[in-house]
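Good morning, and thank you for coming.

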Amino acid sequence: MRVLLFTGKGGVGKSTVAAGTAALAARAGQRTLVLSTDAAHSLADAFGAAVGPEPTEVAECLFVQQVDAQLRFEQSWADIQRYLLSVLDVAGVDPVAAEELTIIPGAEEVLALLELRLQARSGRWDVIVVDCAPTAETLRLLALPEALGWYMQRVLPIERRVVRTLKPVLSRAAGVPMPEDSVFDAVERLHRELEEVRELLSGPRSSVRLVLTPESVVLAEARRSYTTLSLYGYRVDGVVANRVFPAEGADDWRAGWVVSQDAVLEQVHESFVGLPVWRSVYRPTEPVGVEALATLAAEVYAADDPLAPPTGQGPFRVERTRTGAVLHLALPFVSRAEVDLARNGDELVVTLHGPAVPTSRSDAPGTAVGSYRRLLTLPAVLARYRTAGARVEQGELQVRFEELVT
Ligand SMILES: Nc1ncnc2c1ncn2[C@@H]1O[C@H](COP(=O)(O)OP(=O)(O)OP(=O)(O)O)[C@@H](O)[C@H]1O
Ligand SMILES: [Mg+2]
């Protein structure tokens, strides 16, 4: 099963290209599902069809699903939330305010990804296309399973043990309700499921495609996403430049756009060396409906196979050397000074300081990004070596590991 994710800045055409790619796959006889984690019902708009929270057939082999994030959220969060509410109640927090406090912003989106796991496990699909939210949300979403995993592995077992021994004492003393086992179970289940989602999305048959329009600010954001996606171990296997003005028969106004888009497109090619950059022309009308979408996608991919499995080694690999090993982590556009490394047992903490991508216009909106951090659990072969140095070369962070000399 092939999994394709589409992300990019708001409004660039993610839903359109995702829907088009799915339509093309279905036309080739692949059992295809395209699902959106977005609260806005943009897939329904793109297909010009009513789409429900369950896969809805819109053409032969082509199903569309608008995940009901609220419902998923309630299913996986209810137990945990109930406990949090009981704590806040004891603390004297007003119930309405408490309800607000237990809602994590963005969590609905994240949990919508759990639907992807269910669909992937169902065996119904050859291809699943995910129409993601705009960049920032998507990144947060893709980084979460790992962050949560760290917390679960370190804190939860301890907490659970502590709770067991101290429960009677604590309950009496502070009047704070201790979490029931069901709460721990719910957190653990959530973690396990998110971890599966992560494995699926960072696996060899999954890849992310960046959608952009040929504008400097949009390109800057796409470059940053490329870096951050690589940091978290997701493969990017192509770029779609959408809304490219056709040059033929242009009046002065459009001719101006053609020139400025050409300049940015050149930068796009330079930025994403080694990746295909597909183009999609700016159409005179909105591409709506299966036919229009499939036609658009057929033009975009031209002779390329839109479902080809990603080639190359992925953003993360380990190379053995005579005295130890070198870990290679793809980090395009980043300089050594922007990377901080810390070693903590079998874990490598990689922190990226923003702005990860200096642009020619440092005043461009959205240039200042926060830092991103990855807690990388080292493979067993590396965990027993000491870290001996690091450098950034050709868009890669290379960390040298050497035998402990005792
Ligand atoms: N190549 C194109 N030519 C003409 N119109 C287009 C093209 N691509 C997208 N559009 C139109 O632009 C609008 C935005 O596209 P779309 O909804 O796919 O963007 P998006 O990136 O998914 O937006 P959002 O960030 O809101 O999810 C839609 O009305 C769509 O029909
Ligand atoms: Mg959209």
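Throughout this talk, contact means heavy atoms within 4.5 Å. What you see is a predicted model, in which local features need pLDDT of at least 70 and side-chain atom pairs count only at pLDDT 80 or more, while totals for chains, interfaces and linings use all residues. Residues are numbered from 1 along each chain as its sequence is written, chains are lettered from A and ligands numbered from 1 in the order in which they are written, and side-chain values use heavy atoms, with hydrogens and water left out.

Let me begin with the chain as a whole. It holds 12 helices and 15 strands; these are DSSP runs, H or I of at least four residues for helices and E of at least two for strands, numbered from the N terminus. Of its 406 residues, 47% are buried. Buried means under 20% relative accessible area, exposed over 50%, and partly exposed in between, with a 1.4 Å probe and protein chains only. Among contacts between residues at least 6 apart in sequence, 72% join residues at least 24 apart.

I turn now to the interior. A nonpolar core is a set of buried Ala, Val, Leu, Ile, Met, Phe, Trp, Tyr and Cys residues joined through side-chain atoms within 4.5 Å. The largest one has 96 residues, and Leu-201, Leu-212 and Phe-272 touch the most other members. Helix 1, residues 14–27, gives the most to this core, with 8 residues. Which residues is Leu-201 in contact with, leaving aside neighbours within four places in sequence? They are Val-3, Leu-5, Leu-113, Leu-116, Leu-142, Ser-206 and Tyr-234.

Gln-65 lies in strand 4, residues 62–66, and it counts as buried because its relative accessibility is 0%. Its side chain reaches the backbone oxygen of Pro-53 at 2.9 Å. That is a polar contact, a pair of N or O atoms within 3.5 Å; within protein, one must be able to donate a hydrogen and the other to accept it, and residues adjacent in sequence count only if both atoms are side-chain atoms. Beyond four places in sequence, Gln-65 also touches other residues, including Leu-33, Leu-43 and Gln-119.

Next, helix 11. Its buried residues are Leu-293, Ala-294, Leu-296, Ala-297, Val-300 and Tyr-301. They cover an arc of only 160° around the axis, which puts them on the same side of helix 11; the arc is that of the directions from the helix axis to the C-beta atoms. An α-helix has 3.6 residues a turn, so residues three or four places apart point the same way. Among the elements covering these buried residues are strand 1 (2–7), helix 1 and strand 7 (236–244). Just after helix 11, Ala-302 takes a positive phi of about 45°, and at 62% relative accessibility Ala-302 counts as exposed.

Arg-243 also has a positive phi, of about 60°, although it is not a glycine. Arg-243 is found in strand 7 and, at 29% relative accessibility, counts as partly exposed.

That brings me to ligand 1. Of the 19 residues around it, Gly-11, Lys-14, Thr-16, Arg-243 and Glu-286 come nearest, where being near requires a heavy atom within 4 Å. A backbone N or O atom of Val-281 lies 3.0 Å from a nitrogen atom of ligand 1.
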